[in-house]
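This briefing is meant for a reader who is meeting the structure for the first time. It takes up one residue and its surroundings, and then turns to the contact between two chains.

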Amino acid sequence: MYQFDFSFFVSELQVAFTYIPVTLLLACVPMVVGLVIGGLLAAVRVQHVPIASQLIALFVLLVRSLPIILLLLVSYYGFTGGFDALTSMLDLSINSAQVPILIIAIVVLCIIAIAFLTETMRAAFQSVDTGQIEAARSEGMTVGSLYRRVIVPQALPMAIPILGNVLIGLIQGSALVYIIGVVDLLNATKIQANINYRYIEAYLAAALVYWFLCFLIEKASDLLSQRVNRSIGW
Amino acid sequence: MDSSSTDFFSLDRVVAYFPQILSKLPVTLNIVLWSLALGLLLALVIAAIRIFKVPVLNQLSSVFISFTRGTPQIVQVFLVFYGLPALLSPLFSPLGVNLNHVDATVFVIITFALAASASLAVMFVGAYQAVDKGQVEAALSIGMMPSQLFRRVIVPQALVIAIPEFGNNTVALLKGTSVAFTVGVIDMLGIVSSIGARTYHFLEGYVGAAIIYLVLCLLLGRIFALLERRFAIYR
């Protein structure tokens with residue numbers, strides 16, 4: 001019978017809790033970057049800007065078709081290899097080991113977030129009543145103020161539940177960064193597990209803390225969307 | 001300055017490693033198909049529990065679905081891989097079966113079957129609820145038995161409604177199972193690790209694997225789009 005080490009489990013819970021900020025950093029920075037850049041790219045798609053629109057569609061398809069772990073590995077080996085090749089060609093005395101892996105991980109997660117949020121925001125923009133868009137355009141509104149004053153204020157509240165899901169996806173996706181050596185919530189508990197040869201306690205603790213985080217985000221997005229919908233009067 | 005540092009990527013090596021990686025495609029497909037088949041069976045049971053609101057089991061299914069949706073799949077894989085043998089060994093060791101020697105693929109399949117069953121169950125319940133209630137009343141008023149109603153009215157329509165989400169689930173499953181190599185399964189990414197350990201070239205292998213995943217995802221997307229169009233007439 002397996003002897004569950006309860007005191008180690010509690011210490012792993014503490015480790016997991018202290019690494020929540022790292023996991024939040026890995027998820028929230030891409031979320032914000034993805035919302036801004038993804039929103040812009042979505043507008044380009046909705047406005048059918050030639051060439052740019054097709055290139056964005058290709059980028060979204062490419063990123064969404066690849067597993068996150070593979071995107072992390074390709075980016076890690078591509079970046080470190082390319083960086084070292086470049087610096088040795090230029091005879092610089094720096095190498096890729098001096099670049100924090102956390103930054104590589106955040107950049108990769110940003111790219112993933114941009115791809116997913118471009119799709120999310122495109123659907124949200126398209127759900128805004130076309131009559132209003134025509135009215136705004138016939139009033140002589142520019143495309144910029146059309147988005148700022150008509151489309152985004154209506155699309156964003158509608159998209160809150162989906163945005164909550166994207167953030168949850170990013171939190172869960174960020175657990176994969178241990179594969180390139182970033183010490184996040186999962187990796188911190190994993191390191192202790194390897195030292196103590198106790199894996200069940202470690203992964204159970206990590207799972208519970210992730211569950212808690214995702215539960216909070218889900219509740220927050222429910223509350224936010226209820227409040228926003230009430231204030232808009234839907 | 002050594003030449004090895006500038007030689008970090010070559011298309012020749014992508015081509016050279018590609019056949020070895022492609023030869024592990026059946027390992028990936030095996031995991032996906034078994035997870036999907038077992039996940040579908042379990043999802044039907046869970047969906048029935050939720051639709052008929054079976055006491056206790058209904059609450060348990062809520063916790064199960066919340067857990068599988070609220071935790072990263074990599075953590076689920078680790079939990080099953082390390083936890084299941086410890087949990088079940090009192091049952092299996094009297095039979096002379098050492099669960100620590102069971103192939104890692106089995107644990108990966110169990111993990112993804114469980115995870116898939118949760119999302120597929122949610123999909124089934126959603127599709128069931130999406131069938132027009134007027135039709136249910138009409139079928140009952142002309143004297144259909146509940147089992148006939150279920151078989152002839154609800155299931156055929158619910159299946160069609162579920163096609164797009166089933167497609168999304170299958171693609172997510174294909175992408176998700178790529179973490180199998182982290183517990184030692186020699187799938188496409190697993191073989192890249194061993195090629196890399198031998199040659200010190202990882203990037204080309206991962207690029208090759210990315211090409212295969214890309215083609216598979218596009219292919220699956222196309223198949224489900226065709227299915228959706230084919231069955232649209234039944235909506």
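In this predicted model, T71(B) counts as buried because its relative accessibility is 1%, which falls under the 20% cut-off. The residue sits in the loop between helix 3 and helix 4 of chain B.

**Surroundings of T71(B)**

- Leaving aside residues up to four places away in sequence, T71(B) touches Q76(B) in its own chain and, in chain A, Q172(A), A207(A), Y210(A) and W211(A).
- The side chain of T71(B) is in polar contact with the side chain of Q76(B) at 2.9 Å, and the T71(B) side chain also reaches the backbone oxygen of F67(B) at 2.8 Å.
- Between the C-alpha atoms of T71(B) and S194(B), which are 123 residues apart along the chain, the separation is 29 Å.

**Contact between chain B and chain A**

- Chain B contributes 35 residues to the contact and chain A contributes 38 residues.
- About 3100 Å² of area is buried between chain B and chain A, with carbon and sulfur atoms giving 81% of it.
- Between the two chains the count of salt bridges is zero, while four residue pairs, with both residues at pLDDT 80 or more, are found in polar contact across the interface.

**The side of chain B that touches chain A**

- Helix 3 (57-70), helix 4 (73-92) and helix 9 (203-231) of chain B each supply at least two residues of this side, and the largest share, nine residues, comes from helix 9 of chain B.
- By residue type, this side of chain B divides into 25 nonpolar, eight polar and two charged residues.

Terms used
Residues are numbered from 1 along each chain as its sequence is written. Chains are lettered from A and ligands numbered from 1 in the order in which they are written. This is a predicted model: local features need pLDDT of at least 70, side-chain atom pairs count only at pLDDT 80 or more; totals for chains, interfaces and linings use all residues. Side-chain values use heavy atoms; hydrogens and water are left out. Contact means heavy atoms within 4.5 Å. Buried area is the accessible area (1.4 Å probe) that two parts lose on being put together, summed over both. A salt bridge is a side-chain nitrogen of Lys or Arg within 4 Å of a carboxyl oxygen of Asp or Glu. A polar contact is a pair of N or O atoms within 3.5 Å; within protein, one must be able to donate a hydrogen and the other to accept it, and residues adjacent in sequence count only if both atoms are side-chain atoms. Helices (H or I, at least four residues) and strands (E, at least two) are DSSP runs, numbered from the N terminus. Ala, Val, Leu, Ile, Met, Phe, Trp, Tyr, Cys and Pro count as nonpolar, Asp, Glu, Lys and Arg as charged, and the others, Gly among them, as polar. Buried means under 20% relative accessible area, exposed over 50%, partly exposed in between (1.4 Å probe, protein chains only).
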